[in-house]
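I opened this structure to take notes on its fold and on one of its pockets. My entries follow in the order I looked things up.

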Amino acid sequence: MNENGLNYIDLFAGAGGLSEGFIQSGYRPVAHVEMNGYAAKTLETRIAYYYLKDNGELNSYYDYEKGKITRTQLLEKIPEEELKTVINKEMSESTIKGIFNTIDEIKKEKGIEKIDVIIGGPPCQAYSLVGRAQSSHMVVPMEDDPRNELYKMYVQFLNKYKPRMFVFENVAGIKSARGGQAFKNLQMYMKRVGYEICYDELNAHDFGVLQSR
């Protein structure tokens, strides 16, 4: 793998789509934080793929894909310090300290002094135009959805690790949510911990994806 010498933490990592792009661009993951257990297993599988690829043992991965070995047998080939980078926990005020401790342990074990980049974005349902259109039919209206406040968890990571830069990905609707106040609050919190942000609206079609999104 061509490395650029930079590392990153992926928050609200999902199945690792954003992380995949960073890995292919030469960044090295320090940690992926994801609450969904199935998505976390996908992250582990990708870690296994890259570890085996880097060590010339990719046939073991293909054996797993073909059903010749089990998932357990696949993961037995991967060092615990690599699998530890997947942190399968929900981010909240009650869990964030433990997540910090796990990441700090990873940094110490790997001799990492500085986090270069933080990437990710909180769940977008609470900001999306489609979600807001359906809000009146929901038990918990979008205006009261606790996911509206998850950006504060992201900002706590910025404040803790003070990366050189960050990528906060979300839907275009975040700019108009709550009459624009949600986006203003996001900018305010990021400025409070020392960051100015610039933002652009990107269309996946412009990057070779076969859909306009």
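Predicted model: local features only at pLDDT ≥ 70, side-chain atom pairs only at ≥ 80, totals over all residues.

**Fold.** Along the sequence I noted the pattern β-α-β-α-α-α-α-β-α-β-α-α-β-α. The protein has 213 residues, and 42% of them count as buried. I then looked at contacts between residues at least 6 apart in sequence. Of these, 65% join residues at least 24 apart.

**Strand β2.** Which strands pair with β2, and in what sense? I found β1, residues 7-11, running parallel to β2 and joined to it by five bridges. I also found β3, residues 86-87, paired with β2 in the parallel sense over two bridges. Val33 turned up in both pairings: it is the bridge partner of Leu11, and it stands opposite Ile87 in β3.

Next I checked burial. Five of the six residues of β2 are buried, so the strand is largely enclosed by the rest of the structure.

**Glu34.** I moved on to the loop between β2 and α2, where Glu34 is found. Is Glu34 buried or exposed? Its relative accessible area is 9%, and the cut-off for buried is under 20%, so Glu34 is buried. I listed its contacts, leaving out residues up to four places away in sequence. Glu34 touches Phe12, Ala13 and Gly14, then Ala39, Ala40 and Leu43, and also Ile87, Asn88 and Lys89. Ile87 had already come up in my notes, as the residue opposite Val33.

**Second largest pocket.** I put its volume at about 310 Å³. Which elements give two or more residues to its lining? They are β2 (28-33) and α2 (37-54). The largest share, four residues, comes from α2.

I counted 17 lining residues in total. Nearest the centre of the pocket lie Tyr27, Arg28, Pro29, Glu82 and Lys110. I sorted the lining by class and got ten nonpolar, three polar and four charged residues.

Notes
Residues numbered from 1 in each chain as written. Heavy atoms only, no water. 1 Å grid on protein atoms, 1.4 Å probe; cavity = no way out; pocket = protein on both sides within 12 Å on 5 of 7 lines; lining within 4 Å. Points joined across faces, edges and corners; volume = space filled by probe spheres on them. Nonpolar A, V, L, I, M, F, W, Y, C, P; charged D, E, K, R; others polar. Buried < 20%, exposed > 50% of the residue type's maximum accessible area, 1.4 Å probe, protein only. Pairing = 2+ DSSP bridges. Contact = heavy atoms within 4.5 Å.
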